[in-house]
Each structure stands twice: as structure tokens, then as C-alpha cells.
Amino acid sequence: MKATAAEFPLRKRKLLNQQEYEIYQLVRHVYEGQDVLVKTSLTRMVVSADEAKTQALFQCIEHLVFLFVVMDAETHVLACIDFYDPASRKRKDVRLKASIMASLGIDYWVLSSDYLDDLKKVQAKFDFSKVGQATFQNSADEAHSNDFTHAKAQLHERLKDRRNEVRGFGDSSPPGSEFGTSANSFLLPLDER
């Protein structure tokens with residue numbers, strides 16, 4: 001027997017309650033310029049490296065959902081954030097999520113009831129990582145720029161030396177009139193080519 005919508009009366013509801021929505025606004029502010037997903041399953045972010053254990057992994061993590069997932073423009077997950085109520089019995093899930101995220105190198109933050117202070121710590125780390133990344137990029141760009149400037153200076157020195165050598169071949173033009181007309185207007189005498 002097929003189920004129909006008439007058999008199961010439904011109504012819409014918001015994805016986030018009022019407190020979660022407040023945290024969502026703050027998370028968007030902290031991770032400005034990044035996309036923030038809400039209530040995202042861990043199964044959307046990981047895949048088993050061992051195909052024989054795929055089903056076992058799925059059964060272990062299928063119920064794990066992050067309140068917020070922060071991702072960059074290429075859809076790489078940057079951080080996962082949960083709000084933890086100490087009265088909740090989900091302490092085991094928090095430990096499992098923390099373990100999995102640590103193994104993947106993804107930041108995992110668990111906000112307490114004092115989430116404003118927690119988010120200040122999150123922002124400080126995110127700002128630090130952005131500065132560190134920008135510093136690394138700038139130093140790499142600077143090194144490339146320095147290499148280019150050095151190569152350019154060497155080339156100019158070599159051309160200057162070569163021009164001085166050419167002038168020594170008996171150009172009949174007086175000094176200071178390199179671009180004037182002379183009997184020998186070639187850079188090198190014909191017999192030197």
C-alpha cells in the first residue's frame with residue numbers, strides 16, 4: 001500500500017528554533033563570506049575509505065547531525081558547530097563527532113549556554129587562520145616577486161654589459177649619440193654576426 005499525503009497531515013515548520021536562529025546569525029557574522037548550512041548530516045561529509053566497511057560506518061553515523069556546517073566556495077567543510085545542552089544525553093555523540101572531525105582536520109566547536117563567549121573564541125581562531133593563510137600567501141607572492149625582480153635586474157645588467165662590449169667594437173659615432181646616424185648603424189659589425 002502506498003502512503004499518501006492525505007493519510008499523514010503535515011504542516012511546515014522552521015528549521016531552527018529562536019535560540020538556534022540567534023546562534024545562526026552570530027555564526028554567519030563570525031564566518032563572514034562563507035556559507036553556513038543548518039542541520040546537516042555527517043553522512044553528507046564523509047565517505048568510507050574501506051568499501052567493505054561502508055555499511056557499518058553508515059549505521060554508526062547515520063543519526064549524527066551538526067547544527068551548523070561552515071563551508072567555503074568550493075564546498076570544502078571548514079568547521080562544524082553544535083549547541084550542547086548539558087541536560088542532553090548526547091554526550092556520547094559529541095565525543096564521536098569530535099573524534100571524527102579531528103581525524104579529518106576539520107574544526108569542531110561545541111557551544112555552551114554561554115555561546116557568545118564561545119563564538120568569540122571561534123572568531124579569534126578563524127581570524128587567526130585567515131591571517132596565517134594570508135601571510136603565507138603574501139610571503140609566497142613576495143618571494144616570487146623578489147625572484148622576478150632579481151632575474152630582471154640580472155637581465156638588465158647583462159644587457160648593459162653587452163651594450164658596453166658592442167660600443168667597444170669601434171662605433172664611429174661620438175659618445176652620447178647612440179641613436180644618431182652613423183656609418184655603422186648595426187649593433188655589431190657585420191663581420192661579427
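Helices (H or I, at least four residues) and strands (E, at least two) are DSSP runs, numbered from the N terminus. The expected span of a helix is 1.5 Å times one less than its number of residues. The model on screen is predicted, so local features need pLDDT of at least 70 and side-chain atom pairs count only at pLDDT 80 or more, while totals for chains, interfaces and linings use all residues. Residues are numbered from 1 along each chain as its sequence is written, and side-chain values use heavy atoms, with hydrogens and water left out.

**Stop 1: helix α3**

Select residues 91-104. This is helix α3, with 14 residues; from first C-alpha to last it reaches 20 Å, close to the 20 Å expected at 1.5 Å a residue. Now colour D93, V94, K97, I100 and M101, the buried residues of α3 (buried means under 20% relative accessible area, exposed over 50%, partly exposed in between, with a 1.4 Å probe and protein chains only). Look down the axis of α3: the buried residues fall within an arc of 135°, so they line one face of the helix (the arc is that of the directions from the helix axis to the C-beta atoms). They pack against α2 (54-61), β2, β3 (77-83) and β4; contact means heavy atoms within 4.5 Å. On the face turned away from the buried side, select the exposed residues R91, K92, R95, A102 and S103. After α3 comes G105, with a positive phi near 75°.

**Stop 2: the ring under K97**

Show K97 and F66. K97 lies over the face of F66, at 5.0 Å from the ring centre (the criterion is NZ of Lys or CZ of Arg within 6 Å of the ring centre and within 35 degrees of the ring normal).

Three aromatic pairs are found in the whole structure (rings of Phe, Tyr and Trp, its six-membered ring, pair if their centres lie within 6.5 Å; planes under 30 degrees apart count as stacked, over 60 as edge-to-face and the rest as tilted). One of them is F66 with Y108, edge-to-face, at 5.6 Å centre to centre and 75° between the planes. This pair links distant parts of the chain: F66 is in strand β2 (residues 65-71) and Y108 in strand β4 (residues 107-111), 42 residues apart. F66 is buried, at 0% relative accessible area; Y108 is buried too, at 16%.

**Stop 3: the cores**

Select V27, Y31, F68, V70 and I81, which have the most contacts inside the largest nonpolar core, a set of 17 residues (buried Ala, Val, Leu, Ile, Met, Phe, Trp, Tyr and Cys residues joined through side-chain atoms within 4.5 Å).
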